[in-house]
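Student: Hi! I have never looked at this structure before. Could you walk me through it?

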Amino acid sequence: MQSKHLELSQVGIDFPTPKGPFTALTDVNLKIAKGEFVSLIGHSGCGKSTVLNIVAGLHQATTGGVILDGAEVTTPGPERAVVFQNHSLLPWLSVYKNVELAVKHAMRGQSKAQMREWVMHNLELVHMTHALDKLPSEISGGMKQRVGIARALSMQPKVLLMDEPFGALDALTRAHLQDALMEIHANLGNTVIMITHDVDEAVLLSDRIVMMNNGPAATIGEILEVDLPRPRERLALADSPAYNHYRHEVLTFLYDKQKKIEPVSQHRKAGSTKVKSDNKASKSSDAA
Ligand SMILES: Nc1ncnc2c1ncn2[C@@H]1O[C@H](COP(=O)(O)OP(=O)(O)OP(=O)(O)O)[C@@H](O)[C@H]1O
């Protein structure tokens, strides 16, 4: 893997609020190698989406910045495709046309036949060629996420940014999509940054897990290298001491931060902080 592919340096952001600037992030430093799969995990409101949005170019950092292959990120761009939790397909377009729309932008000047081939190729990657003419309202949530991933991949992004892409799915569908994502990542080698609240998902998919401290003025707390051989097989890993060690490390970090949320909430009641402290730990016993 090359170094310095994607670099966040001293990233901080202040959001304007009626009560004055709110510092959501401070001093976020992270170097990501080409092809690396990095997960961001941390309690609700710690700033994970804000980090992702800064890399996507949707937010501008107040301090520091992001460099991708030597160029500063200042605006959104097709080399950084985003997949959101709530599938953002255009409801009036079919599965095929939703992907075609992205391909039209990415492949300007190419023939219709080439474009069709590329649309089909990307829908094949996510196993969705059987539903080309269906509208988003006619397919399941998991299928919509598949199409969203195909659409993002069709832009041939250097970096795939995923904000809780499987958060709204049932466990079985989630597992299928995790497997599909591992296969795609193995074949295409995109750099991936994925936000998740699911500890097992983070360990299964990631090369590194970036664990964030609670906000306000959140930053990176610890980074865990997940040195498990690939391809990874979820059933085999369930009994693996190494897998369980990584899982335990992440849970310990999160439970430690969880303990620190309570004083923040009390502080908030006194009206002296603006931190969003609803935490999603209740989602599942092993979720942040
Ligand atoms: N546009 C904004 N204006 C003011 N504050 C904001 C804005 N966007 C985010 N924040 C605040 O910044 C902090 C980080 O928000 P962010 O959405 O990045 O957290 P998160 O870790 O992704 O949360 P979750 O896990 O709940 O999605 C929160 O306190 C949030 O209220």
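Student: Great. Is this from an experiment or predicted?

Tutor: This is a predicted model.

Student: Okay, how many helices and strands are there in the protein?

Tutor: The protein has eight helices and 10 strands. Of its 288 residues, 37% count as buried.

Student: Let's do sheets. What is the strand order in the open sheet of six strands?

Tutor: The order is E6-E7-E8-E3-E9-E10, and the pairing is mixed. Strand E6 (80–83) and strand E10 (220–225) are at the edges; each has a single partner strand, so one side of each has no neighbour in the sheet. From one strand to the next, the twist averages 15°.

Student: Which helix packs on that sheet?

Tutor: Helix H4, residues 141–154, packs there and touches E6 and E7. The direction of H4 makes about 175° with that of E6.

Student: How do E7 and E8 pair, parallel or antiparallel?

Tutor: Strand E7 (residues 159–163) and strand E8 (residues 191–195) are paired in the parallel sense, over five bridges. For one spot to look at, find Leu-160, which stands opposite Val-192 in E8.

Student: What about the open sheet of four strands, what order does it have?

Tutor: That one goes E2-E1-E4-E5, with antiparallel pairing. E2 and E5 are the edge strands, each pairing on one side only. Helix H1 packs on this sheet and touches E1, E2 and E4, with its direction at about 65° to that of E2.

Student: How many bridges join E4 to E5?

Tutor: Two bridges join them, and the strands run antiparallel. Ile-67 has Glu-72 in E5 as its bridge partner.

Student: Switching topic: how many residues does the largest nonpolar core have?

Tutor: It has 68 residues. Among those with the most contacts inside it are Val-55, Ala-150, Leu-160, Leu-161 and Ile-193. H4 gives the most to this core, with six residues.

Student: Why would nonpolar side chains be buried together?

Tutor: I can only give you the general pattern: in soluble globular proteins, nonpolar side chains tend to be buried together.

Student: You mentioned Leu-161. Which residues is it in contact with, leaving aside its neighbours within four places in sequence?

Tutor: Leu-161 is in contact with Leu-52, Val-55, Ala-56, Arg-80, Ala-81, Val-82 and Ile-193.

Student: And Val-11, is that buried or exposed?

Tutor: Val-11 is buried, because it has 25 other C-beta atoms within 10 Å, and 20 or more is the cut-off for buried. You will find Val-11 in strand E1, residues 6–15. Apart from neighbours within four places in sequence, its contacts include Leu-25, Val-28, Ile-54 and Val-66.

Student: Now the ligand! How many residues surround it?

Tutor: There are 15 residues around the ligand, and the closest are Phe-15, Ala-24, Ser-44, Ser-49 and Thr-50. By type, the shell divides into five nonpolar, eight polar and two charged residues.

Student: Which element gives the most to that shell?

Tutor: H1 does, with three residues. Strand E2 (22–32) and helix H1 (48–56) each supply at least two.

How values were computed: Residues are numbered from 1 along each chain as its sequence is written. This is a predicted model: local features need pLDDT of at least 70, side-chain atom pairs count only at pLDDT 80 or more; totals for chains, interfaces and linings use all residues. A residue is near a molecule or strand if its C-beta atom, placed from the backbone, lies within 6 Å of it. Ala, Val, Leu, Ile, Met, Phe, Trp, Tyr, Cys and Pro count as nonpolar, Asp, Glu, Lys and Arg as charged, and the others, Gly among them, as polar. A residue is buried if 20 or more other C-beta atoms lie within 10 Å of its own, exposed if 12 or fewer, and partly exposed in between; C-beta atoms are placed from the backbone. Two residues are in contact if their C-beta atoms, placed from the backbone, lie within 7 Å. Two strands pair if DSSP finds at least two bridges between them. Axes are lines fitted to C-alpha atoms, for helices over the stretch in contact, and angles run from 0 to 180 degrees between N-to-C directions. A nonpolar core is a set of buried Ala, Val, Leu, Ile, Met, Phe, Trp, Tyr and Cys residues joined through C-beta atoms within 7 Å.
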